[in-house]
Amino acid sequence: MTIGRRLALAFSTILVLLAVNQAIQLWSASLRTASVAALNRALQRQIVLADVKQRVGDLYKQMSLLAQVETAPGQATPDIDSPAPAIDRAAADIARLVTLTDPADLAPVVELQKAYAQLGEDWKRSYDYMGSEQAFAVAFQIKADPLGRRVLLQLVPELQTQVTERAVQAQARFAAVTRLTTRVGLSIFVLSMIVSIAVAYRLARHLRTRLADLAHGASAIAAMDLSYRIPVTSRDDELAAVAGTFNEMAESLAAAQAHLAARNEEILQQQKVAQGLLLNILPEQVAAELAARGEVAPRYFEDVTILFTDFVGFTLATEKLAAEEVVTVLHGFFKAFDEIIARYGLEKMKTIGDSYFCVGGLPVRTPSHPVDATLAAFEMIREVESRALPDGSRWQVRIGLHTGPVVAGVVGSRKFAFDVWGDTVNLGSRMESGGSPNRINVSAAVHQRIKDFFVMENRGRILTKEKKALEMYSVVGVLPMLAGGGEAPPPAFARRYRTYFDKDLAAFPACLLTDGAVSPLPEAADVTPADVESGA
């Protein structure tokens, strides 16, 4: 059934109930009006009859007094008002009583009216003959007295009893009608209310259920639950038709969502590839800034550690290997270096030929970068020592460290790269070129930052290729008091690291897990100024 038909049926039912209630009200009003009219007539009859009784009684007393007055023949009648007006008024009251009496109860009233008419005539004649014909008046008085007594003592009381009974009956009927009409009206009203509430409840429940289904469906779509379908029991209902259309829309959206999800997955994979490529070129923070703003603002880092590596005799070694083998070997070394610096929180900058360049302390500032870079350098040397080339030979590597300020940023718009500039970078390169094979060569600045963790040898002042003498140190190993125990990392080393830098040690080279303080790395000959100039 459609909603329009449901509404029409509900309104029709309510209108019928209203009509029934109105009819009951009219019927009740009619009964009450009739009972009130009957009661009113009965009460008026009582009042009129009481007036008749009073008037007749007064006349009877008055005429009795007149009969007792003695007058001589020819003597004037005493100055007494004529009773005729009072007699006529009593007669008029009796006539009104006749009009107020129902036909079934009219006989006693008519009898009273006839008797009083005769009595009235006798009283008027008695009064008229008083004084002149006293004996005639007495005779009439004697005749009227028994009739008056009959009227007052018999007819009026009998009629009064009848009128009183009819008044009581009228009151009882009025009360009964009132009770009946009240009960019937209340019953019909209660029944109408029950039916109306039932009709309204069924209609409201139907609409509420359908609307709740639609609301739940809308919420499901808002929550992207496109698998939800609104139950449809019949197509006759407008809301059911809407629900069917809603389900069709959900199916269309689900199909579109599936297609869009496939496209989004494809785009996401492409974004991941692009993000991975970008993160291989730039640090994560720099890549995020470049993606958000389209450019990277230069930043000044007041304290970073520069780490350079370079393979010893690389040019001569490549003459013995094919170009493809050289690339494969370098890829193996640099891939291992990438994994090492990632463990120690260093940031790879770039590779230049056989040189590997990374920085500690950017883009996230941290005070532990000199120690972290030194630990990473130990692992790099051990990695190089452990790898054999295709011809069975082994390469050696120089590593140089320097700490100081730099400016970092991205330059260019095509094939851009994150880079650092400043004397700190140049001095880091000089530390590498001035170092010894398979040794970590550090500047005085680095020495001051790591001397509480490592044993170092002072190599003195060594000339760079710019003919500038720089104080250099060679890192030998971990301080004896911090080494040993066979645990990774040594507890004393880790405790001091946490005390100095307020963080836990991320990693520790396995090659330094010895009981002694001296590094297991072999000694190497010092580098002369001529070696620095030649780049050997």
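Which element gives the largest share of the lining of the second largest pocket? In this predicted model, that element is α4, with six residues. The pocket itself comes out at a volume of about 240 Å³. Of the 11 lining residues, R6, L9, V199, R202 and L203 sit closest to the centre. Two elements, α1 (3-67) and α4 (134-222), each give two or more residues to this lining. Sorted by class, the lining holds six nonpolar, two polar and three charged residues.

Helix α9 (residues 369-386) and helix α12 (residues 491-501) have axes that come within 11 Å and cross at roughly 150 degrees. On the α9 side the contact uses V371, D372 and L375, and on the α12 side F493, Y497 and F501. Five of these contact residues are nonpolar, one is charged and none is polar.

Then come the rings. The structure has 18 aromatic pairs. One of them, F311 with F337, is stacked, with 6.4 Å from centre to centre and 15 degrees between the planes. F311 belongs to strand β1 (residues 299-311) and F337 to helix α8 (residues 323-343), so this pair ties together parts 26 residues apart in sequence. Both F311 and F337 are buried.

F453 and F493 make an edge-to-face pair, because their planes stand at 65 degrees, with ring centres 5.3 Å apart. F453 is in the loop between α11 (444-450) and β7 (454-463) while F493 is in helix α12, so the parts tied together here are 40 residues apart in sequence. F453 and F493 are buried as well. Both also belong to one aromatic cluster, along with F378, F454, Y497, Y500, F501 and F508.

Definitions and conventions: Residues numbered from 1 in each chain as written. Predicted model: local features only at pLDDT ≥ 70, side-chain atom pairs only at ≥ 80, totals over all residues. Heavy atoms only, no water. 1 Å grid on protein atoms, 1.4 Å probe; cavity = no way out; pocket = protein on both sides within 12 Å on 5 of 7 lines; lining within 4 Å. Points joined across faces, edges and corners; volume = space filled by probe spheres on them. Helix = DSSP H or I, 4+ residues; strand = E, 2+ residues; numbered from the N terminus. Nonpolar A, V, L, I, M, F, W, Y, C, P; charged D, E, K, R; others polar. Axes fitted to C-alpha atoms, helices over the stretch in contact; angles between N-to-C directions. Contact = heavy atoms within 4.5 Å. Phe/Tyr/Trp six-rings, centres within 6.5 Å; stacked < 30°, edge-to-face > 60°. Buried < 20%, exposed > 50% of the residue type's maximum accessible area, 1.4 Å probe, protein only.
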